[in-house]
Each structure stands twice: as structure tokens, then as C-alpha cells.
Amino acid sequence: MTQSDDRSKGPADPLEGAAANLSLPDVIAQSVEFHFSGCLTVRYDDQVGRIFFRAGEIVHAEQGSASGSDAFYDILVWPGPLSMSLEAKVASPRRTIRVRATDLLAEARQTLAVHGPADSEPTDVEAGGDARSSMSLLLKKLRGVPGVAYVVLMSKDGTCVEDDSFQAEALAGQASYLSMVANHLGTIFQAGPVLSASIHGSNQHMLLMASRNYYLSVLVQATAEVRAVEAEIRRTLTPIR
Amino acid sequence: MPSWSMETVLKQLNSTPGVMGSLICDPEGQVVAQAFPPIDAVLLRDAATALVDSITGLEKLIGAVGALDFRYGEARLVAKPIPGATLLVLCSKSVNLELLGMALAVVIKKIGSPETIARAKADTASGRGGQKRDPLDEFSELDDPDGDLPDIDIDVD
């Protein structure tokens, strides 16, 4: 981490001298603790993200075309090295985040525990509504698994979680139908509910994994080895079990 | 014309460790042959219909389906579309998939042609069943004297 912008070190900056060698979550936490008002600019490669504070509350975040909590979490998982700068008394152009900063930070810590170092504390994908942002990040992580063409997390009634794209709807529809058939076959053969399924197709492959409350549906590129992709996905999911 | 019955081939498949039952159905979901422990024929037909319908539905998304593998708590269902039919195998969860793949390759070599399926279907409809043959011939057939067993293409898990 580097502090690249000297403007952040004026007397009005409550973090003066404190941000050096701090991680991004720490800088955010300090900003909240010191009731900072202004803008935290984060740079990663050619990407720029901005997080706006108002009296210690996080009111807005933006990066690329994303804004709000999505942008906040996007910025949070940039792997680094990051360049950060604080600019006090800069007002946000709009308010897109209404979650209390302490709650957002708790969520952020939890998210980083999932996506951070291997010895991070686990979280629980089944945690319900409070874990939705974690799920969003989890999906991003899973979409980065080599060979994965698309991933959808869906409730058992077929509703997509954190994704309302057409592609997500299409995949969720197929996955929902597949789960119905698999469970129907499981009933007929007294095998119980399906735990997972893999389908090999000529254009793409499909994986379905069941948890207590969700199905994870994955489209796998035809050129990828399904078994290897499934193993990597399970490895990615393991810390959150 | 093959002189073995499809039921015989399926029973041979069922002798594979971990395999508990198997069936062959046509693209309409009609059970052409089956070798399951006693089970309601209506349920089997229901299963076959659900299976072929799901394959049809999935093809819109992922193209021609090569194999399906459903995993349950204590069991596994493996389905393999073959020319003119679909083969469904109920296994224990601990089945050795490589071994199953070899056994399926033998089955597919024997019955994997639309003509064979159509003949068996006609036999089933007429109530004749498959033509029987000397069991010793069946053993000799397993030797695959031509050495041209098809590549294992179950490719599941």
C-alpha cells in the first residue's frame, strides 16, 4: 500500500499519519472511527474506486460502472498492490449506501475472511439476507475459476441471488428444471434429494450443487475438464461451509 | 441380428460391483428393457420419461448431452444417451466410475445402434422379448476377440 496523494495529509484529515501501512479495510475502519467526511480514492492497476464518507458513515462508492455496495465490495477485493488517497471535505455526488458503516464493515471483514488468506475465519453462505453481499463476492470469485463460463446462485424455488441478468435467468431456469428431475428420480429410486449433478454437453457442461437453502449452478466451458472445475469450485466453497 | 436379449446385457451390467439396476429407454421415454429389482413398471416409465425430457430440455443450453451424473446421499444415477436410446444405471455412491465406464462400453457396443433398439422395442411391444442364446456364447462375446471395444465415453464425475 502506498499513500500517493499528499492532499490526504492536511490537518483536516483525521487519519493523518495513521493510514501508512494500513490495509484498505483498516483505512476504512479508521475513517469510520474518526467520523471522517470526504473521499477515499483507491487505485488498482488502471482501475479507480472511490468511497465517500459523511461523518464516518459510508454513503457512496463507485468504481467503473458500478456504484453502491456492489462497487464497495468490488474495491474491497482488489488484490493489490493498491494506491490509496484520502481527501477530506469532499461531498458525495449522491447517496447509494444506506447500510450503517459498522454493519458494512462487519460484512466487509466477513467477506475478506472468505476471500482472503487461506487461514481466514470462515463465514456461512447459509446465513440468509445479511450474507447477500458475501454471496455477490462469492459469485465473482467462482466466476474466476478457470473453465467456468457462468455461475448462478439460486434459492430452491429458482430465484436468482444477486444476479438479474438474462443469462442468469436462463441458467437458473435450466438448473431449476434439472433439480426437479433429479429429485423426482431420487424419489422414484428412493435415493433422496439430489446433492449434485454434472451434465456433459457438446457446447458446454453444467454442474449443479445443492446446499440446505440454495443451488449453485455452473456452466462450464466445453474445453474444460468438468471434474477439475468441480474440484476447484468445491475448494473455493470449502472455507464458507 | 444379435442373438442376445437386452435384459441379458443389462443383467451383465448389473453384475458390475456397485451397480444396482439399469434400464434402456427410447427417445419417447418408453422402457425398452430393464433389469431392476422388483419395481413398479409405471414408476420406471415415469423415471425414463423424466430423464429423456430433461435431456431434451438441457440440449437447448449445453448442446448434445453426452452423459448425466446425479449424486445422492447413498446412490448415484448415471445416464448415457446412445444412438436411438438412453441408458440409465442406478449405482451405489461408491461405484467405481472407471469400472462402470468399461462395463458401459461393452453394453453400448452390444446394443448401441438404433436398429437394435428398434428391434428390442418391437419385441417388447409384441411381448416376445429378446431372442435368447446360449449363455456360453455370451461369455465368449465378452472376450472381444476383435479387440475393438469402443473408447470409454462415459466421462462422468
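Tutor: A residue is called buried when its relative accessible area is under 20%. By that criterion, 51% of the 241 residues of chain A are buried in this predicted model. The accessible surface of chain A amounts to about 11200 Å², and carbon and sulfur atoms contribute 50% of that surface. Chain A contains six helices and 10 strands. Among its contacts with a separation of 6 or more, 56% are between residues 24 or more positions apart.

The sheet itself draws on chains A and B. It is open and has nine strands, in the order S7(A)-S10(A)-S9(A)-S8(A)-S3(B)-S4(B)-S5(B)-S1(B)-S2(B), with antiparallel pairing. At its edges are strand S7 (148–155) of chain A and strand S2 (31–35) of chain B, each of which pairs on one side only. From one strand to the next, the twist averages 10 degrees.

Within the part of the sheet supplied by chain A, strand S9 (residues 204–210) and strand S10 (residues 214–221) run antiparallel and are joined by seven bridges. A:Leu208, for example, has A:Ser217 in S10(A) as its bridge partner.

Across this sheet lies helix H5 of chain A, residues 166–188.

Key
Residues numbered from 1 in each chain as written. Chains lettered and ligands numbered in written order. Predicted model: local features only at pLDDT ≥ 70, side-chain atom pairs only at ≥ 80, totals over all residues. Heavy atoms only, no water. Pairing = 2+ DSSP bridges. Helix = DSSP H or I, 4+ residues; strand = E, 2+ residues; numbered from the N terminus. Axes fitted to C-alpha atoms, helices over the stretch in contact; angles between N-to-C directions. Contact = heavy atoms within 4.5 Å. Buried < 20%, exposed > 50% of the residue type's maximum accessible area, 1.4 Å probe, protein only. Areas by Shrake-Rupley, 256 points an atom, 1.4 Å probe, with all protein chains shown as cover.
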